[in-house]
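Subject: Structure handover

Hello,

Here is the structure for you to look through. Please open it first, then read my notes below.

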Amino acid sequence: MAKTDPRVDAYIDKAQPFAQPVLTHLRELVHNKLPDVEEAVKWGMPFFTLGGKNLANMAAFQRHAIFGFWEGLEIKTPKVGEAMGHFGCIRSLEDLPPDDEFSAIIQLAAEQLQKPKPAQRKSKKPVKVPPLPGDFAAAIAANGKAQSVWDDFAPSHKRDYIEWIAGAKREETRERRLTQALGWIAEGKDRNWKYRSC
């Protein structure tokens, strides 16, 4: 039985109508190929994990959807348009490779994920998150959805928002950015989401 997460069902239900069959189909392909895969929601997006490791994620935007394998996996795929993920802008099922080809790609990604990684010579420095400004912290805390997403955000996403808010030179600009940031965060969007749209 597929290990699904009801939050992924809710995510698909809230997606644009064009994206719902795409996300549903992608989800079915992953579960059919990898019965042990589990679902999660991270950074506001549905993720597929295998053995506790991130395998892939998918997301829906206003005009396109995406599907991508986790960083470090060397996967070559046909790409339509420029967007995050390994398949570019997905606007319909026709933008995806045939099911048997897609399933083979999923299997390859799973095999790569399970291989031990060679030791790295130098570890990356952790992303430092600046202190959260008081007014920003209060606005996030007052919005349950935004707080939940914020808690799951990667440090780099938090830093991007904090630096954007702190960089406002005028009070009106800061207030406008606070309002905009709160809306985007509540929707699960990182600061630079709009630059990935097609």
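Asp152 is partly exposed, with a relative accessible area of 40%. On this scale, buried means under 20% relative accessible area, exposed means over 50%, and partly exposed is in between (1.4 Å probe, protein chains only).

Before you go on, note that this is a predicted model: local features need pLDDT of at least 70, side-chain atom pairs count only at pLDDT 80 or more, and totals for chains, interfaces and linings use all residues. Residues are numbered from 1 along each chain as its sequence is written, and side-chain values use heavy atoms, with hydrogens and water left out.

Asp152 sits in helix H5 (residues 144-152). Helices (H or I, at least four residues) and strands (E, at least two) are DSSP runs, numbered from the N terminus. Asp152 and Trp43 are 109 residues apart in sequence. In space, their C-alpha atoms are 5.6 Å apart.

Trp43 belongs to the loop between strand S1 (38-42) and S2. Its phi is near 55 degrees, a positive value in a residue other than glycine. Most residues other than glycine have a negative phi.

**His157**

Which residues does His157 touch, leaving aside its neighbours within four places in sequence? They are Trp43 and Asp190. Contact means heavy atoms within 4.5 Å. His157 lies in helix H6. His157 is buried, with a relative accessible area of 19%.

**Helix pairs**

Start with H6 (residues 155-166) and H7 (residues 171-186). Their axes come within 9 Å and cross at roughly 160 degrees. Axes are lines fitted to C-alpha atoms, for helices over the stretch in contact, and angles run from 0 to 180 degrees between N-to-C directions. H6 and H7 are therefore roughly antiparallel to each other. The classes are: under 35 degrees roughly parallel, over 145 roughly antiparallel, 65 to 115 roughly perpendicular, and the rest oblique.

On the H6 side, Tyr161, Trp164, Ile165 and Ala166 make the contact. They meet Arg174, Arg177, Leu178, Gln180, Ala181, Trp184 and Ile185 in H7. By class, this contact has eight nonpolar, one polar and two charged residues. Ala, Val, Leu, Ile, Met, Phe, Trp, Tyr, Cys and Pro count as nonpolar, Asp, Glu, Lys and Arg as charged, and the others, Gly among them, as polar.

Next, take H2 (residues 19-33) and H3 (residues 99-114). Their axes come within 10 Å and cross at roughly 60 degrees. That makes H2 oblique to H3. His25, Leu26, Leu29, Val30 and Lys33 in H2 meet Asp99, Phe102, Ser103, Ile106 and Gln107 in H3. The contact of H2 with H3 has five nonpolar, three polar and two charged residues.

**Aromatic rings**

Rings of Phe, Tyr and Trp (its six-membered ring) pair if their centres lie within 6.5 Å; planes under 30 degrees apart count as stacked, over 60 as edge-to-face and the rest as tilted. By this rule there are nine aromatic pairs. Phe48 and Phe67 have ring centres 6.3 Å apart and planes at 40 degrees, so the pair is tilted. Phe48 is in strand S2 (residues 45-50) and Phe67 in strand S4 (residues 65-69), so the pair ties together parts that are 19 residues apart in sequence.

Trp150 and Phe153 form an edge-to-face pair, 6.0 Å centre to centre with 65 degrees between the planes. Trp150 and Phe153 are both buried. Finally, Phe48, Phe67, Phe69 and Phe102 form one aromatic cluster.

Best wishes
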